[in-house]
Amino acid sequence: MARGTIRYWAAAKEAAGVPEEPFDAETLGDLLAGISRDPAVERVLRRCSFLVDGAPAGTRDPATIDLPDGAVVEVLPPSPGDERLL
């Protein structure tokens, strides 16, 4: 189990109610499942992209992305003009 920090930006920060928080998770999928329990956060996460220690997660299955101890996961919502927000 890795311990690290998740940082929320823009709409994700607003939905989470904090700019960052610690986490304990093995994979990005585990981390997302844990923070998705809040419906407001889950709605935003569906549209977000993620960086793990600066590397984009891209379209890979989050369950296959291992998190190293001390990882920083960035939650990046789409830009305000992105039509996926509609």
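**Strands, burial and salt bridges in a predicted model**

Tutor: In this predicted model, strands β3 and β5 (residues 72–76) run antiparallel and are joined by 4 bridges. Local features need pLDDT of at least 70, side-chain atom pairs count only at pLDDT 80 or more, and totals for chains, interfaces and linings use all residues. Residues are numbered from 1 along each chain as its sequence is written, and side-chain values use heavy atoms, without hydrogens and water.

Student: What makes β3 and strand β4 (residues 55–56) a pair?

Tutor: Two strands pair if DSSP finds at least two bridges between them. β3 and β4 have 2 bridges, in the antiparallel sense, so they meet that definition. Strands here are DSSP runs (E, at least two residues), and helices are runs of H or I with at least four, numbered from the N terminus.

Student: Why is E74 called buried?

Tutor: Buried means under 20% relative accessible area, exposed over 50%, and partly exposed in between (1.4 Å probe, protein chains only). E74 has 14%, so E74 is buried.

Student: Why is the contact between R7 and E74 called a salt bridge?

Tutor: The term requires a side-chain nitrogen of Lys or Arg within 4 Å of a carboxyl oxygen of Asp or Glu. The closest N and O atoms of R7 and E74 are 3.4 Å apart, so the pair qualifies.
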